[in-house]
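Please read the following report alongside the sequence and the coordinates shown here.

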Amino acid sequence: MDLRPLDIRPDSSVVVLTGAGISAESGIATFRDSGGLWEQHDVRQVATPEGFAANPDLVWRFYSERRRQARTVEPNAGHFAMAALERFLAARGRFTLVTQNVDGLHQRAGSRRILPVHGSLYRTRCANVDCENGSKSWDDESLHLDGAPHCHKCGGLLRPDIVWFGEYLDPAIESAAREAIADCDLFLAVGTSGAVWPVAGYVEIALARGALTVLVNLERPENVSRFSEVHLGKAAELLPLLLPGA
Ligand code: APR
Ligand code: ZN
């Protein structure tokens, strides 16, 4: 495969956006591919505030199963290539990893400069907006298969610290992502269908900046035309060939 490595120098400014596709080769189902999570589950029941209000036990079973499964798999060569790129740029460049993934595999592969725009499977917070815990979240690996947990402070329901459909992203995380993209030379999207906003619009910020926009994806996503370079294939195979430091 005559693949030319991307032109990334030690002083480059790079933002990478990842989606479920980068974890596919670790064995974690994506959302919209055939057999994906949104084929197996009704997204309105398990990934919306209304679904949580209607049946919190079901939502906690869904996320507990994803917590359990993500601990049984390992990061793949695509995740490790991301961490190697971060190290390659550490001295004189700038690197930001914006991930929609909540599975923790980038963290386990050694990536550090991560903006988790859709939250984390391994963090929990109180669902009661009036709780003195406020919107603070905390590390939580526990499984709640027999019922939703309750808050020690207010007695209200606890929820996974995940951004559900119809909810806003954490404002601090979102503005950090927009700032990094508005300042990059290269915007690399990996393993994402470009179906979910506002993240699907991040490539427009890179284009407005005049950055090179590159896509690595198994298939052509909805917003493929927004990328000046497109590499179709598996992230775990392509990223080590495309990125320095891997
Ligand atoms: N390598 C590269 N790309 C892959 C691979 C692979 N091995 N396998 C699948 N893909 C691609 C698919 O072609 C698809 O375009 O990854 C993309 C996955 O798309 P989605 O399943 O829609 O996942 P994602 O884009 O991350 O979804 C965004 O939607 O449901 C919400 O909050 C959830 O963060 C998620 C958001
Ligand atoms: Zn509370």
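## Ligand 1

In this predicted model, an oxygen atom of ligand 1 lies 2.7 Å from an N or O atom in the side chain of Arg-32, a polar contact being a pair of N or O atoms within 3.5 Å. Taken alone, ligand 1 exposes 740 Å², of which the protein buries 95%, the areas coming from the Shrake-Rupley method with a 1.4 Å probe. An oxygen atom of ligand 1 is also 2.9 Å from an N or O atom in the side chain of His-118, and an oxygen atom of the ligand is 3.3 Å from a polar backbone atom of Gln-100.

There are 23 residues around ligand 1, and Ala-20, Phe-31, Arg-32, Thr-192 and Ser-193 come nearest; a residue counts here if one of its heavy atoms lies within 4 Å. By class, this shell has eight nonpolar, ten polar and five charged residues, where Asp, Glu, Lys and Arg count as charged, Ala, Val, Leu, Ile, Met, Phe, Trp, Tyr, Cys and Pro as nonpolar, and the others, Gly among them, as polar.

## The zinc site

The zinc ion (ligand 2) is coordinated at 2.2 to 2.3 Å by the SG atoms of Cys-126, Cys-131, Cys-151 and Cys-154, donors being N, O and S atoms within 2.8 Å of the metal (3.2 Å for Na, K and Ca). Along the chain, these donors follow the spacing C-x4-C-x19-C-x2-C. The angles among the four donor atoms are 101 to 114°, and the site is tetrahedral, a label that requires all angles to lie between 85 and 135 degrees.

## Cysteines

Cys-126 and Cys-131 are both buried, that is, under 20% relative accessible area. Cys-151 is likewise buried, with a relative accessible area of 6%, and Cys-184 is buried at 0%. The count of disulfides comes to zero, a disulfide being a pair of cysteine sulfur atoms within 2.5 Å.

## Conventions

Residues are numbered from 1 along each chain as its sequence is written, while chains are lettered from A and ligands numbered from 1 in the order in which they are written. Because the model is predicted, local features need pLDDT of at least 70 and side-chain atom pairs count only at pLDDT 80 or more, whereas totals for chains, interfaces and linings use all residues, and side-chain values use heavy atoms, with hydrogens and water left out.

Terms used. Four donors count as tetrahedral if all angles lie between 85 and 135 degrees; four count as square planar and six as octahedral if opposite donors are over 155 degrees apart and all others between 65 and 115; anything else is irregular. Buried means under 20% relative accessible area, exposed over 50%, partly exposed in between (1.4 Å probe, protein chains only). A polar contact is a pair of N or O atoms within 3.5 Å; within protein, one must be able to donate a hydrogen and the other to accept it, and residues adjacent in sequence count only if both atoms are side-chain atoms.
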